[in-house]
Amino acid sequence: MKSLILVTGAAGFIGSVVVEELSRRGKTILALDALLGGLYPSEEKRNRFSALASLPGVTTIESDLRTMDLSELPGTVTHIINEAAMPGLSLSWSDFDLYSSCNISGLSRLLEASRSWPLEKFVQISTSSVYGSHAVGDETQSLLPVSPYGVTKLAAENLAFAYWRESGIPVSVLRYFSVYGPGQRPDMAYRKFITLADRGLPVTLLGSGKQSRTNTFITDCVAATIAALELATPGEVYNISGSEQRTISEALEIIEDLVGKPLKIERKDSARGDQFETRGDSTRARSTLGLTDSVTLETGLEREVQWLQSLR
Ligand SMILES: NC(=O)c1ccc[n+]([C@@H]2O[C@H](COP(=O)([O-])OP(=O)(O)OC[C@H]3O[C@@H](n4cnc5c(N)ncnc54)[C@H](O)[C@@H]3O)[C@@H](O)[C@H]2O)c1
C-alpha cells in the first residue's frame, strides 16, 4: 500500500521541517495545523504553512484537532507524526485549558479516529519536560514533571500508550530535548537572546545561568523523527537529545561572539517550572533511529544567527 503520512502541527517550528524533508524524500503528506496564536504570532505559522502548500506531495489542511470532523480526512492514512501541541512553560501556568485541550483532548480525538485507518506507525512527540527539573539519563529515569506543560505531555504519552495496549495503535513516543536552529520558536531562549543581542538591546537571563541543556539541532531531530516512521518499535520511548551539555551562560558567550556586540544582561528569577539540568541519554535513538549530532552548539547557533539576520 502507498504510504500517506499525516503530520500534525505542520506549521510549527519542527513540524514544518518534518514536512519539508518528507516532501524532499518523495512522500505523500497531509500537513495539518490550526495556526493557533497565544504563544507566538500565528502569522509566522501562516507563512510557513503557505510555503509548504507549494511543495511536491503536500496537501495542507487548516483545522483544529479539538473540533474538526476527523472523518473528513482520507481513511487511508498509514503513518502519523503528532507534533501538534501547545509547547512552552509560562503560558501553561495561566492557561491550563489551552494546554490540556490541545495536548490531551486533541490527541484523544486523533487516536480515536485513527482506529479505523490502516495505521503502520503513530509517532507521538513528547518532551524532556516529562522528567522534571533534572532530566538526566535514559528513558527509565523518573517521570516527575514540574510544569503544567510537562504534566499534559506526560498524560498524552499515557493516553497514546493506552490506545497501543487496548486497540493496538502502533504508538512510539519521542521525547525531544531543547530543539534549536533556523526556524526556532520566538518564545524560546536562544532566539530571544539572538534577536535582542543583534539589536543591541538588553537580554533577560532568568536564573543563575548555570542551568544546562543537551540541545538538539533541528535537522538531527527531524531525521530521527522521520526514521521513527519505519524503525521505532511500538510501545517504546526514545530520548531525542544532543550529547553536548552546555550552560545557558556558555550559550550566551557564544551568541555574544557570533553577534559581535557586547551583551547587556539583566538578571531575573528563574522561570516557574524551568528545568535545572537536561542531559538526555539517547543511546536507544542513536542505535535504532540513527540519531546523530551533526553540529556543535557553536555551529548550530551560528546557523540560527544567520537565519535570523536573513529575516531583517
Ligand atoms: N521546540 C522544542 O525544543 C521542543 C522540545 C520538546 C518537545 N517539543 C514538542 O515538539 C512539538 C512541536 O513543537 P514546536 O517547538 O515545533 O512548537 P510550535 O508551537 O512551533 O508547533 C506546534 C504546532 O501545533 C499546532 N497545534 C497546537 N494545537 C493544535 C490543535 N489543537 N490542532 C491543530 N494544530 C495544533 C500549533 O498551531 C503549532 O503550529 C510539540 O509537541 C512540542 O511539545 C518541542
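A pocket here is an open set of grid points with protein on both sides within 12 Å along at least five of seven lines. I keep that in mind for the entries below, which concern a predicted model.

**Entry: second largest pocket**

I looked up the volume. About 250 Å³ of space lies in the second largest pocket. Next I listed the lining: P186, R191, K192, I194, T195, D198, R199, L308, Q309, L311 and R312. Which helices supply at least two residues each of this lining? I found α6 (189-198) and α10 (297-310). α6 gives the largest share, five residues. I then sorted the lining by side-chain class.

I traced the strand order. Seven strands form an open sheet, and I read them as β3-β2-β1-β4-β5-β7-β12. The pairing is parallel. Which strands stand at the edges? They are β3 (58-62) and β12 (237-240). Each has a single partner strand, so one side of each is left without a neighbour in the sheet. Neighbouring strands are turned by 20° against each other on average, direction ignored.

I took one pair in more detail. β1 (residues 5-8) and β2 (residues 29-33) pair in the parallel sense over four bridges. Within this pair, I found T8 opposite L32 of β2.

**Entry: helices across the sheet**

I looked at what lies on the strands. Helix α2 (residues 42-53) lies across β2 and β3, and runs at about 145° to β3. Helix α7 lies across β1, β4 (79-82), β5 (121-127), β7 (171-176) and β12. To β5, α7 runs at about 145°.

**Entry: α1 against α7**

Two packed helices are described by the angle between their axes and the distance between the axes. I looked up both for α1 (residues 13-24) and α7 (residues 218-231). Their axes come within 10 Å and cross at roughly 60°. The crossing is right-handed.

Which residues make the contact? From α1 I noted F13, I14, V17, V18, E21 and L22. From α7 I noted I218, C221, V222, T225, I226 and L229. Ten of the contact residues are nonpolar, one is polar and one is charged. I read E21 of α1 as part of this contact, and I set T225 of α7 beside it in my list.

Conventions: Residues are numbered from 1 along each chain as its sequence is written. This is a predicted model: local features need pLDDT of at least 70, side-chain atom pairs count only at pLDDT 80 or more; totals for chains, interfaces and linings use all residues. Side-chain values use heavy atoms; hydrogens and water are left out. Axes are lines fitted to C-alpha atoms, for helices over the stretch in contact, and angles run from 0 to 180 degrees between N-to-C directions. A crossing is left-handed if the near helix is turned anticlockwise from the far one by less than a right angle, and right-handed if clockwise. Contact means heavy atoms within 4.5 Å. Ala, Val, Leu, Ile, Met, Phe, Trp, Tyr, Cys and Pro count as nonpolar, Asp, Glu, Lys and Arg as charged, and the others, Gly among them, as polar. On a 1 Å grid over the protein atoms alone, a cavity is a set of points where a 1.4 Å probe fits but cannot get out, and a pocket is an open set with protein on both sides within 12 Å along at least five of seven lines; lining residues have an atom within 4 Å of a point. Grid points are joined across faces, edges and corners, and a volume is the space filled by probe spheres set on the points. Two strands pair if DSSP finds at least two bridges between them.
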